[in-house]
Amino acid sequence: MTEKNSERLIVKFITNQANLEEIETLTKWLEDFDNQKVFKDFVKTNYAIDYAMSTFSATDVKNKF
């Protein structure tokens, strides 16, 4: 599986849009230890972005200026 395909599957999995075939493909891909690291890093980055976006307040930023 190419890097682009793996990233697409990870995104679909994280957003609960992956179908059963895609989940099976991702599960097989995750059997490789190096791929597990890529997956974990991707999930951590996604979480950090989601957290930053959910805690962002334009009003707070305006008040600081």
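What follows is a short chat about helices, salt bridges and aromatic pairs.

Q: What kind of model is this, and what pLDDT do local features need?
A: This is a predicted model; local features need pLDDT of at least 70, side-chain atom pairs count only at pLDDT 80 or more, and totals for chains, interfaces and linings use all residues. Residues are numbered from 1 along each chain as its sequence is written, and side-chain values use heavy atoms, with hydrogens and water left out.

Q: Start with helix 1. Which residues are buried there?
A: Ser6, Leu9 and Ile10 are buried in helix 1. Buried means under 20% relative accessible area, exposed means over 50%, and partly exposed is in between (1.4 Å probe, protein chains only). Helices are DSSP runs (H or I, at least four residues), numbered from the N terminus.

Q: Where do they sit around the axis of the helix?
A: Seen down the axis, the buried residues of helix 1 fall within an arc of 100°, so they line one face. The arc is taken from the directions from the helix axis to the C-beta atoms.

Q: What do they pack against?
A: They pack against helix 2 (20–29) and helix 3, where contact means heavy atoms within 4.5 Å.

Q: Okay, salt bridges. How many?
A: The count is 4, with a salt bridge being a side-chain nitrogen of Lys or Arg within 4 Å of a carboxyl oxygen of Asp or Glu. One of them joins Glu22 and Lys12, with the closest N and O atoms 2.7 Å apart.

Q: Which parts does that pair tie together?
A: Glu22 lies in helix 2 and Lys12 in helix 1, so the pair ties together parts that are 10 residues apart in sequence. Glu22 is buried, at a relative accessible area of 12%. Arg8, Lys12 and Glu22 are linked in a network of salt bridges.

Q: And Lys28 and Glu31, buried or exposed?
A: Both Lys28 and Glu31 are exposed. Their side chains meet in a salt bridge of 3.9 Å, N to O.

Q: New topic. How many aromatic pairs?
A: There are 2 aromatic pairs. Rings of Phe, Tyr and Trp (its six-membered ring) pair if their centres lie within 6.5 Å; planes under 30 degrees apart count as stacked, over 60 as edge-to-face and the rest as tilted. Phe13 and Phe39 form a tilted pair, 6.1 Å centre to centre with 55° between the planes.

Q: Where does each Phe lie?
A: Phe13 lies in helix 1 (residues 3–14) and Phe39 in helix 3 (residues 33–55), so the pair ties together parts that are 26 residues apart in sequence.

Definitions and conventions:
Helix = DSSP H or I, 4+ residues; strand = E, 2+ residues; numbered from the N terminus.
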